[in-house]
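Thank you all for coming.

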There are 2 protein chains.
Amino acid sequence: MTSKLIMLASLPQGVPQAANFITGFEELPDVEPGEVLLKTLFISVDPYLRAKMAGEHQPPLNAGDVMYSRAVAEVVATKSPDLQPGDKVMAFLEWRDYLIHNSESLTLLPNNGFPLSNHLSILGSTGLSAYFALTDIGKPKAGETLVVSGAAGAVGSIAGQIGKLMGCKVIGIAGSDEKLQWLQADLGFDGVINYKTTPDIAAAIANLCPDGVDIYFDNVGGAISDAVIGKMNNYGRVVVCGSIASYNDTSAATGPRLLPLVVYKQLLIQGFLITDYKTRFAEGIAQLQQWLAAGKLQYAETIMNGFDKLPEAFIGLFNGDNQGKMIVKT
Amino acid sequence: MTSKLIMLASLPQGVPQAANFITGFEELPDVEPGEVLLKTLFISVDPYLRAKMAGEHQPPLNAGDVMYSRAVAEVVATKSPDLQPGDKVMAFLEWRDYLIHNSESLTLLPNNGFPLSNHLSILGSTGLSAYFALTDIGKPKAGETLVVSGAAGAVGSIAGQIGKLMGCKVIGIAGSDEKLQWLQADLGFDGVINYKTTPDIAAAIANLCPDGVDIYFDNVGGAISDAVIGKMNNYGRVVVCGSIASYNDTSAATGPRLLPLVVYKQLLIQGFLITDYKTRFAEGIAQLQQWLAAGKLQYAETIMNGFDKLPEAFIGLFNGDNQGKMIVKT
């Protein structure tokens with residue numbers, strides 16, 4: 001059987017281009033005992049993959065490597081007693097249409113009535129990132145002001161809603177009026193800023209946050225973060241969940257120094273990694289499912305159809321093509 | 001009775017100058033019930049006073065204000081049942097040779113055999129800052145690498161020694177070979193860097209810290225901090241206790257962006273304010289006294305003699321004139 005795959009042909013310089021990827025084909029061997037043949041159904045594309053291409057996220061992705069990320073797949077054939085044909089599983093999988101995989105490192109997905117793609121979004125690492133990063137580092141208190149950058153993205157859109165559930169005033173920053181409309185009208189954000197059309201983001205923050213900013217949930221870094229951090233209150237918390245504005249930098253970017261503000265205002269700035277919370281995933285999923293079931297949480301998935309769309313979907317992350325989680329249905 | 005005082009004549013632009021201060025005289029009223037007449041003995045000069053002059057540390061110091069800081073004084077006359085002539089007290093006091101003060105807001109100092117000036121250094125807010133900032137934010141573990149900037153200063157010299165007591169490898173950064181000699185030969189630092197004569201501080205850090213930096217205890221900010229933070233390990237902690245390199249900036253300084261590093265390495269960067277630890281001062285003083293009594297902790301005080309030296313002592317902080325705590329004996 002032939003497996004179609006997508007490989008990193010070359011390391012991107014700046015924003016990734018289609019030419020950095022190449023499609024290949026490989027004849028699969030027979031399924032051995034303990035293994036299963038998988039057909040991938042949904043593959044997650046995420047900004048952190050760009051950091052891997054820069055050697056800044058471990059392990060790195062190098063030219064010649066088959067791309068890989070979190071994915072949902074179906075068992076097509078099995079030589080493992082643990083899995084049956086038709087079972088749905090999740091794992092970090094190579095970007096292939098079919099692949100052979102050891103059954104032990106696959107997570108069997110429950111048939112719980114939620115769409116399968118949810119395991120890569122609201123009930124997966126992005127929903128869990130929003131939940132743990134906001135509650136554990138941000139520690140929101142009712143009445144506080146929370147600003148979210150990348151607010152219409154997979155993590156930001158959930159973090160903002162959880163902030164609302166915890167009684168915060170929530171301001172979202174995103175890059176299109178369509179996204180802002182969604183944040184405010186559908187998700188209940190209290191205020192929104194279009195960073196592409198707002199000449200002075202610091203002034204917009206000051207205007208929307210007359211009591212200052214207590215928590216900044218940051219997915220983007222760069223000039224947007226400079227503007228927000230300048231408006232933090234004493235004892236403010238900056239939850240650094242991503243820094244997409246910097247991932248394509250070809251040289252070290254400069255910006256206003258943060259350390260004087262940190263000491264003047266006793267700020268906390270902390271980086272977040274979802275894999276540090278593995279032991280608490282069940283708790284997080286239970287909470288997110290409860291909010292979903294109660295209609296208190298909404299989510300969006302931008303699903304591109306077709307295995308061949310994987311590079312385009314990934315590149316689209318850096319153009320803000322996604323509303324909520326970007327996923328490829330293979 | 002006449003009180004001699006030092007007033008802020010004008011807000012400094014850049015590094016404070018002698019001309020920013022003016023000496024004045026004021027006739028004191030009679031001591032009223034509940035009040036005492038104090039003679040100041042030791043006055044602390046500290047970098048944070050510069051931040052007050054920039055409105056960045058609350059409450060601000062404005063032109064026309066009498067300067068004030070932590071000081072030790074002796075009760076000369078009393079109309080309070082709580083205090084007797086000869087009692088030694090500590091408080092935030094105006095820079096005056098004699099002053100009248102409400103007895104209630106004065107801390108009576110114990111006659112515990114330690115020099116009175118120690119209440120402004122090793123047993124005062126600088127020793128306590130080193131202890132609480134390092135243990136509570138830095139959370140040192142045996143075998144970790146700790147880098148201290150401003151290492152020969154009041155806080156840094158104690159923080160480095162506490163790091164050694166907790167089993168860390170400790171590297172100190174300071175601005176003269178005499179200071180480095182003291183850090184290494186007397187205080188037991190494992191390695192030292194003279195930031196004034198080292199062209200590539202990042203390379204020096206890499207050389208002295210082959211296993212990377214786990215904790216950075218920062219008193220200075222600026223380019224030194226850029227170099228150290230670039231070498232932090234995953235889950236590194238940056239304790240921001242001061243940012244003296246920035247206090248005299250007349251415009252917002254720029255430097256390499258920190259947020260990408262924060263997310264790539266899951267760094268914690270946290271600002272520290274000693275007054276947040278008021279309820280734990282007794283615990284900290286007890287621990288510091290125990291280490292002192294056991295000969296495990298050394299400290300330095302740079303004492304300038306004469307009330308009139310206050311401006312010079314304060315300005316000297318920005319030239320690195322002090323080894324350990326800068327204090328004026330009035």
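Let me begin in chain B, where strand β3 (residues 35–44) and strand β4 (residues 68–78) run antiparallel and are joined by seven bridges; strands here are DSSP E runs of at least two residues, helices are H or I runs of at least four, and both are numbered from the N terminus. Two strands are taken as paired if DSSP finds at least two bridges between them. Within that pairing, Leu37(B) has Ala77(B) in β4(B) as its bridge partner. On β4(B) there is also a pairing with strand β5 (residues 88–94) of chain B, again antiparallel and again with seven bridges, and here Tyr68(B) is partnered by Glu94(B) in β5(B).

Before going further, a word on conventions: this is a predicted model, in which local features need pLDDT of at least 70 and side-chain atom pairs count only at pLDDT 80 or more, while totals for chains, interfaces and linings use all residues. Residues are numbered from 1 along each chain as its sequence is written, chains are lettered from A and ligands numbered from 1 in the order in which they are written, and side-chain values use heavy atoms, with hydrogens and water left out.

Now to the sheet that both chains share. An open sheet of 12 strands, with mixed pairing, runs in the order β10(A)-β9(A)-β8(A)-β11(A)-β12(A)-β14(A)-β14(B)-β12(B)-β11(B)-β8(B)-β9(B)-β10(B). At its edges stand β10 (191–194) of chain A and β10 (191–194) of chain B, each with a single partner strand, so one side of each is left without a neighbour in the sheet. On average, neighbouring strands of this sheet are turned by 15 degrees against each other, direction ignored; the axes are lines fitted to C-alpha atoms, for helices over the stretch in contact, and angles run from 0 to 180 degrees between N-to-C directions.

Helix α4 (residues 177–186) of chain A lies across β9 and β10 of chain A, at about 170 degrees to β10(A).

Turning to the interface as a whole, 36 residues of chain A are in contact with 36 residues of chain B. The area buried between the two chains is about 3000 Å², with carbon and sulfur atoms giving 62%, where buried area is the accessible area (1.4 Å probe) that two parts lose on being put together, summed over both. Arg257(A), Leu259(A) and Tyr264(A) supply 26% of what chain A buries against chain B, more than any other three residues. Arg257(A) also forms a salt bridge with Asp226(B), the closest N and O atoms being 2.8 Å apart; the rule asks for a side-chain nitrogen of Lys or Arg within 4 Å of a carboxyl oxygen of Asp or Glu, and it finds two such bridges across this interface.

Over all chains the count of salt bridges comes to 22, among them the one between Arg280(A) and Asp136(A) (3.2 Å, N to O). That pair links distant parts of the chain, 144 residues apart, with Arg280(A) in the loop between β14 and α9 (281–293) and Asp136(A) in helix α2 (residues 125–138).

Finally, some backbone details. Most residues other than glycine have a negative phi, and most peptide bonds are trans. Gln266(A), in the loop between α8 and β14 of chain A, has a positive phi of about 50 degrees although it is not a glycine. A cis peptide bond joins Gln58(A) and Pro59(A), with omega about -10 degrees, and another joins Gln58(B) and Pro59(B), with omega about -10 degrees.

Note on methods. Contact = heavy atoms within 4.5 Å.
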